[in-house]
Amino acid sequence: MGLLQNMQNQNMNLVLSTDAKPRLKWTPELHQRFVEAVNQLGGADKATPKSLMRVMGIHGLTLYHLKSHLQAGKSQQSENCTDIKQEDYKEIQSSDDHFDADISDETHCQINESLQIAESLQLQMEVQRKLHEQIEVQRHLQLRIEAQGKYLQTVLKKAQETLSGYSSSSVGVELAKAELTQLVSMVNNGCTSSSSQN
């Protein structure tokens, strides 16, 4: 804590009522320090009276004062404080408007962030679904290619067997046999390389 801030803390006068149990009058300056401390601690849900006391560092401020003011800020949105005098309530309500605005802005940001995360997850799921569909199509095509290769192998082998049954030594039959042998070896090499890629 710097020297200037220490001096400001010493100069900040706390206004206490004269009741049997003195209540603190929250001045706009004191409330502003409170709001800054709450924000520094990560919001009203994370701030505790003890941590607020440490961050604010104002002499004379008690846990009771901070606890009641923090509670008033949290519950003011949903219900009115019935145990506070009407004039105190009006004073707190006017000074707490900034506190309520800070809380609602923080909540709004959290909702927006949650919506962005949900949209991102939905887009990611859609991309994953499309990738899965593409992989299934590729797998199906690969199976068809392999089946056609095997079918072509059997057709070529039958043709080779048929040609080998001819004992004639004509040049056309010998040329057809050579071409078939070459086709069979090409198909065999193609089928073995495609099945080894899986």
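Helices α2 and α3 are roughly perpendicular to each other. The model in your viewer is predicted, so read each stop as a description of that model.

**Stop 1: the crossing of α2 and α3**

Select residues 28-40 for helix α2 and residues 49-56 for helix α3. Two numbers describe a packed pair of helices: the angle between the axes and the distance between them. Here the axes cross at roughly 115° and come within 9 Å. The range for roughly perpendicular runs from 65 to 115 degrees, which is why the pair is given that label. The crossing of α2 past α3 is right-handed.

Now show the side chains where the two helices touch. On α2, pick Leu30, Arg33, Phe34, Ala37, Val38 and Gln40; on α3, pick Leu52, Val55 and Met56. By class, this contact holds 7 nonpolar residues, 1 polar residue and 1 charged residue. Colour Arg33 as charged and Gln40 as polar.

**Stop 2: the whole chain**

Zoom out and colour by secondary structure. The chain has 6 helices and 2 strands. Followed along the sequence, their pattern is α-β-β-α-α-α-α-α. Of the 198 residues in the chain, 25% are buried. Among contacts with a separation of 6 or more, 55% are between residues 24 or more positions apart.

**Stop 3: salt bridges on α5**

Select helix α5, residues 86-164. How many salt bridges does the structure hold? There are 3, and the next selections go through them.

Start with arginine 129 and glutamate 126, whose side chains form a salt bridge with an N to O distance of 2.4 Å. Both residues sit in α5, 3 residues apart, about one turn of the helix. Arginine 129 has a relative accessibility of 39%, so it counts as partly exposed. Glutamate 126, at 32%, is therefore also classed as partly exposed.

About one helical turn separates glutamate 133 from arginine 129, because the two are 4 residues apart in α5. Glutamate 133 counts as partly exposed because its relative accessibility is 40%.

Move along α5 to arginine 139 and glutamate 136. This pair makes a salt bridge as well, and its closest N and O atoms are 3.2 Å apart. The two residues are 3 positions apart in α5, so about one helical turn lies between them. Arginine 139 is partly exposed at 47% relative accessibility, and glutamate 136 is partly exposed with a relative accessible area of 33%.

Then show Glu126, Arg129 and Glu133 together: salt bridges with shared partners join these residues into one network.

**Stop 4: glutamate 161**

Stay on α5 and select glutamate 161, which is found in this helix. Is glutamate 161 buried or exposed? Its relative accessible area is 56%, so glutamate 161 is exposed; the cut-off for that class is over 50%.

Lysine 177 and glutamate 161 are 16 residues apart along the chain, and their C-alpha atoms are separated by 9.4 Å.

Note on methods: Residues are numbered from 1 along each chain as its sequence is written. This is a predicted model: local features need pLDDT of at least 70, side-chain atom pairs count only at pLDDT 80 or more; totals for chains, interfaces and linings use all residues. Side-chain values use heavy atoms; hydrogens and water are left out. A salt bridge is a side-chain nitrogen of Lys or Arg within 4 Å of a carboxyl oxygen of Asp or Glu. Buried means under 20% relative accessible area, exposed over 50%, partly exposed in between (1.4 Å probe, protein chains only). Axes are lines fitted to C-alpha atoms, for helices over the stretch in contact, and angles run from 0 to 180 degrees between N-to-C directions. Angles under 35 degrees count as roughly parallel, over 145 as roughly antiparallel, 65 to 115 as roughly perpendicular and the rest as oblique. A crossing is left-handed if the near helix is turned anticlockwise from the far one by less than a right angle, and right-handed if clockwise. Contact means heavy atoms within 4.5 Å.
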